[in-house]
Amino acid sequence: MSDRWIEIADGFWNVRGSFKIAGLFDVGTQTSLVRLRAGGFVLLDAYALDADARRKVLALTDQGQAVRAILNLHPFHTAHVTAVAEQFPTAQLYGTARHKARTPKLRWESLDTDDAALHERFADDFVFSVPRGVDFVPKNPALHFSSVLALHKASGTLHVDDTLSWSGLPLVGGLKFHPTLRFTLQKRAGAASEFRAWAHELIALCEGVKQLCTAHTRALPPKGGVADRVRKALAEVSGMLGAHEQRYG
């Protein structure tokens, strides 16, 4: 399946890519190319583009020389990190602690993508959000809930991996928190309350979001109404959060 190149808004492009489980079932993945206010571009997440999408990125970025940084936002999205780092050797490379542990020979910057100092460095263009009350990098690699969410201010586009997932299926579809949330909530007093508070902050942030870019779907969610969708997703896990509070406080 070829990559799908989507111009979300002036200065923001999203690529719907291919990622196959066991080489058979294509669950898809994504990367976004974003123009910075001060000049140059950043890539949100690493994905080895097909030939056509690569040509488009190189044409926009002076053959890759204008890509200033690669921001790897999901600790368990690591399959394409090395390939993309090699493709854009002049870009500053940022990731989570897990990215660095898995590919220690790459030229990583000292800041992690979940660090507040990194968020301040790119504050002219982005608002970042990291879930609270959950394990950011759980010991079980199958638990893919947490990631760094990145809101591009100029276009009102929110790029998110796994933490929020979208399905266009009737009845059971819509925007939802990743089903591994229940397993990544920290087993301590206050964890559910911290997560709920973070989710309300995310809802407020999403009042200004025009487009949501989620991983692992071919199609993007419809434009608009993002805050209401996140509010509904939070309501759907309210019982689970309540049960967690009853058990742990």
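In the predicted model, helix α6 (residues 191-206) lies across β10, β11 and β12 (157-160) and runs at about 20 degrees to β11. Helices (H or I, at least four residues) and strands (E, at least two) are DSSP runs, numbered from the N terminus. Contact denotes heavy atoms within 4.5 Å; axes are lines fitted to C-alpha atoms, for helices over the stretch in contact, and angles run from 0 to 180 degrees between N-to-C directions. Because the model is predicted, local features require pLDDT of at least 70 and side-chain atom pairs count only at pLDDT 80 or more, whereas totals for chains, interfaces and linings use all residues. Residues are numbered from 1 along each chain as its sequence is written, and side-chain values use heavy atoms, with hydrogens and water left out.

The open sheet comprises four strands in the order β10-β11-β12-β15, with mixed pairing; two strands pair if DSSP finds at least two bridges between them. Its edges are formed by β10 (126-129) and β15 (211-214), each of which pairs on one side only. The twist from one strand to the next averages 20 degrees. Strand β11 (residues 149-152) is antiparallel to β10, with four bridges between them; L151 in β11 is the bridge partner of V127.

No disulfide is present in the structure, a disulfide being a pair of cysteine sulfur atoms within 2.5 Å. For C206, the closest cysteine sulfur is that of C213, at 12 Å, which is too far for a bond. C206 is buried (under 20% relative accessible area; exposed is over 50%, partly exposed in between; 1.4 Å probe, protein chains only), at 2% relative accessibility. C213 is likewise buried, with a relative accessible area of 0%.
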